[in-house]
Amino acid sequence: MSPSGDPLVDLQLAREHGLTDEEWGQILEILGRTPSFPELGIFSVMWAEHCSYKSSKRYLKRLPTEGPHVLHGPGENAGVVEIGDGLAVVFKIESHNHPSFIEPVQGAATGVGGILRDVFTMGARPLASMDSLRFGPLDDPLHQHLLRGVVKGVGGYGNSVGVATVGGETTFHECYRGNILVNAFNLGLVEIDKIFLASASGIGNPVIYAGSKTGRDGIHGASLLASAEFDAESEAKRPTVQVGDPFTEKCLIEACLELMSTDAVVGIQDMGAAGLTCSSFEMASNAGTGIELDLDRVPQREAGMTPYELLLSESQERMLLVARSGREDEVRAIFERWELDAVTVGRVTDDGRMRVRWHGEPVVDIPVDPVAKSSPELDRPVREPADLLERQKLDLAAVAPESDLPGALQALLDDPNLGSKAWLYRQYDQLVQGGTVIGPGGDAALVRVKREDGTATRKGIALSVDCNPRWCWLDPYAGAVAAVAEAARNVACTGARPLALTNCLNFGNPEKPEIMWEFAEATRGLSDAARALGTPVVSGNVSFYNETSGRAIHPTPTVAVVGLLDDWERHAPAAFPEDGLEIVLLGDTREDLAASAWLALRRGLEVGSPPKVDLDHERRLAELLRIAVADAAVASAHDVSDGGLAVALSECCIAGETTRGARIELEEGLRPDALLFGESPGRVIAATRDAEALTSLAREHGIPARRIGTTGGDRLAIAPPSGEPWIELPVAALHEYWTRAIPRRLGE
Amino acid sequence: MFSVIQLPGSNDDRDMRFAMKSILGCEAELVWHRSSELPAGTRGVLLPGGFSYGDYLRAGAMAATSPVMGAVKRFAEAGGPVLGVCNGFQVLCESGLLPGVLIRNHHLHFVCDFVHVRVERAAAPFTSRAREGDVLRVPIKHGEGAYFAHADTLDALEREGRIWLRYCDAEGRVGDASNPNGTLHAIAGLGNERGNVLGLMPHPEHAVEASIGGLDGLAILGSLADAIREGGS
């Protein structure tokens, strides 16, 4: 069956394709013969870690995926959650780490393009994007280059395609020096009766290819690039990175949404990882059908492409759809209007097989389910890292107290991890589609919902993406719990009710038992936190092999929580909105300097057990915030996280449209550096016009609430009940440290 | 009725329609770029922002050759009001309805932010709701927004009072510190000789709701709505 010119297929070639000896045996058994070269390519991509989730499957099964609002959970292109009035949000986060390290602009751009396709494939109009980005230290010229490139890629694609980037997070750490992370999130809006699934149903229905032509780019992106560690040779894999074309994507979005408003199409799938192969197998497998493809009809960018290349190309901006028989002309007319190719390349069959012809000859004939569904599931060995207890050991009494409290605050605000990210998000269109109520720079973004016909609704969607990798490295379970809790808390700060979450699990090489242990612990944490907070996991992505020359990144289970606000006009910003408000601290402050930003930055120590998150407290806190914001008992709410209370208070003063000061008085009892920079979770700074009402509401919810000061003036002063302030600085100075943190390191 | 021109790659077309229709209560329709005529009853034309044809050649260059631009030119020649925002401004320059060109921002970054602009000319059909010297807070979002023209063109523009809006600070002072992209003469909005065609880099359609971007965009779009109503639509 192999076309002439194809190499001889044997165990050696299978190994070069990343397949194990056992998998080779399985292939022989499934086919009852030696695979053709294109067939070997198909097995290698479909069974690669990136597509098959073979190492992670057994853990992902434990995540809670159902809830009263969940319409579609993991397994579809993206999760779908109902928000009432016949509407639903569709969202997912996905990694594009390795491509972005090799070619930052195109790697990041195609990451954004891919996640947009996952969303509009389901019939939703992409509404809002976020990005979680991790780089090495910013004093490294390579990472300055990577930051500039990634931001250019994210902006270049998102801006051009007309989808607002409304939030995100960016951190810098040594552990990402050899392997940056680019996780792209998108959320879209769909009418519930217009949701489309990737299903090739209806025997005899035409299979239509739409969008960009197929080229030789991105071949084996999923299998070779995403499913192996980096090494000195990785630069040579640059040709496996795809090239993005946002203009085509924009036309594709409009054409697909127009098409899906008719009933001419029965199923649709984007050609993402592993391209034509993966999309057709998934569609056939979901419908329990087969597909027949004629490769000669596939629109091709260059002459002489082989079946192997056509099947495995990861050229961007391509869709595969199944139309109702006899409706092909209607489909073609819509794509033509948007100046896009749409060609019938095959049809749906009833025999559960994938048959591919090229130059009139069969080149692939494989049963669908054994490839799509019965991919191997591994139970990889798990071992707690030998140095874990060493990492967690911290004798705080032996850590010298901070001798320069104002200096420490300055240093924290000037740290690129805590400093303003305006340098990045000013390069992103935050406004297009006219729904951005709260854009980047706050706790969570807030987007007003408009229907597809353009009418505005009262609904607002809050979104936040979070993870503290230092905590995850010190305790992956606690770190993952904290990531869910923080993202949910951020969403709650706007007044929204957290609904569901999506995650992007970035880890090292799963063949190492210590990495698998991190993964097992983190997924256990995600699972516990998602259950306790009532935010099921509706979509996600696993990215393993984030290592270079044997050095893994810190475990980074990035979590994005989506929440619903019934009336978007009743929301709270993060920054103090006016002078003369009372400031109330919700939640308790303990001596939590372990694993803190202060300890890392001022003492060079990344040690200790991260503070324990009380999930029951978090759930009550979220409920309190929802009610307090709706009743206008809260005028602003800001979560206390990295950098502790002093940094959070500074942000309340400087992150708004106008800076404003505050006078704060804190009870003594803890060492002052713990009071100011400790990172006890479950805390929120709320400004209020009616502190009495807020504290009594807090009492009802069992949330500790302390009146700690008032807004106003042009200085931030934090003082003990008597004596000199610990910190008293002009807010203009705080603003300067904070806004210059990133640009000054880039020489701008 | 307003015709909002929809080019492949237009992004703010629906937002412009929303502002005119849902906020200002005017009729507004999306008009596909391949139409060679504007719909009957068109009293105003809006060229929205976006990345027409991906801006792959030069921003606005491909769009300027669209069939619909012939109709827009005839509409403008007949005195009908035409407002181009961002990519729409670029299209107006490329199609010769306005002089000069918009080039890469001097700092080479795309920039999205709220800025201030000073109303230099308060008149129908674009700024009758404002007074000369008013400062408006409106957003910009572009990578190629620096207006460039030869010195004698700029002199003529100044002489003829064709600079309708200039970037300024919150107090209305014009200077380098408040110039977001290196545009010459702090130009944010530029009109034709007759005063019925205006190109704007800022996006008034993203400042029409109190809690989403503020209301200052209404000083411009509301004026346009008034002009249409007075003209009897």
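Helices (runs of H or I in DSSP, at least four residues) and strands (runs of E, at least two residues) are numbered from the N terminus. Residues are numbered from 1 along each chain as its sequence is written, and chains are lettered from A and ligands numbered from 1 in the order in which they are written. The model is predicted, so local features need pLDDT of at least 70 and side-chain atom pairs count only at pLDDT 80 or more, while totals for chains, interfaces and linings use all residues.

**Stop 1: a loop in chain B**

Please select B:Pro125, which lies in the loop between strand 6 (111-119) and strand 7 (135-142) of chain B. The peptide bond that joins B:Ala124 to B:Pro125 is cis, with omega about 0 degrees. For background, most peptide bonds are trans, and most residues other than glycine have a negative phi.

**Stop 2: two residues with positive phi**

Remain in chain B and select B:Tyr53, in the loop between strand 3 (44-47) and helix 2 (67-77) of chain B. Its phi is positive, near 50 degrees, although the residue is not glycine. Is B:Tyr53 buried or exposed? A residue is buried if 20 or more other C-beta atoms lie within 10 Å of its own, exposed if 12 or fewer, and partly exposed in between, with C-beta atoms placed from the backbone. B:Tyr53 counts as buried because it has 22 C-beta neighbours inside 10 Å.

Next, select A:Glu317, in the loop between helix 12 (307-312) and strand 10 (318-323) of chain A. A:Glu317 is not a glycine either, and its phi is positive, at about 60 degrees. With 28 C-beta neighbours inside 10 Å, A:Glu317 counts as buried.

**Stop 3**

Angles run from 0 to 180 degrees between N-to-C directions, and axes are lines fitted to C-alpha atoms, for helices over the stretch in contact.

**Stop 4: the contact between the chains**

Show both chains together. The contact takes 26 residues from chain A and 25 residues from chain B; two residues are in contact if their C-beta atoms, placed from the backbone, lie within 7 Å. On the side of chain A that touches chain B, the elements giving two or more residues are helix 8 (141-161), helix 10 (246-260) and strand 14 (436-438) of chain A. Helix 10 of chain A gives the largest share of that side, four residues.

**Stop 5**

Select helix 19 (residues 476-493) and helix 22 (residues 615-630) of chain A, which pack at an angle of about 15 degrees with their axes 8 Å apart. Helix 19 of chain A is therefore roughly parallel to helix 22 of chain A. Angles under 35 degrees count as roughly parallel, over 145 as roughly antiparallel, 65 to 115 as roughly perpendicular and the rest as oblique. Residues making this contact include A:Ala485 of helix 19 and A:Leu621 of helix 22 of chain A.

A:Leu624, A:Ile627 and A:Ala628 of helix 22 of chain A meet A:Leu694, A:Leu697 and A:Ala698 of helix 25 of chain A.

**Stop 5: around strand 26**

Finally, select strand 26 (residues 705-711) of chain A, which pairs with strand 22 (residues 582-586) of chain A in the antiparallel sense over five bridges. A:Ile583 stands opposite A:Gly709 in strand 26 of chain A.

Notes:
Pairing = 2+ DSSP bridges.
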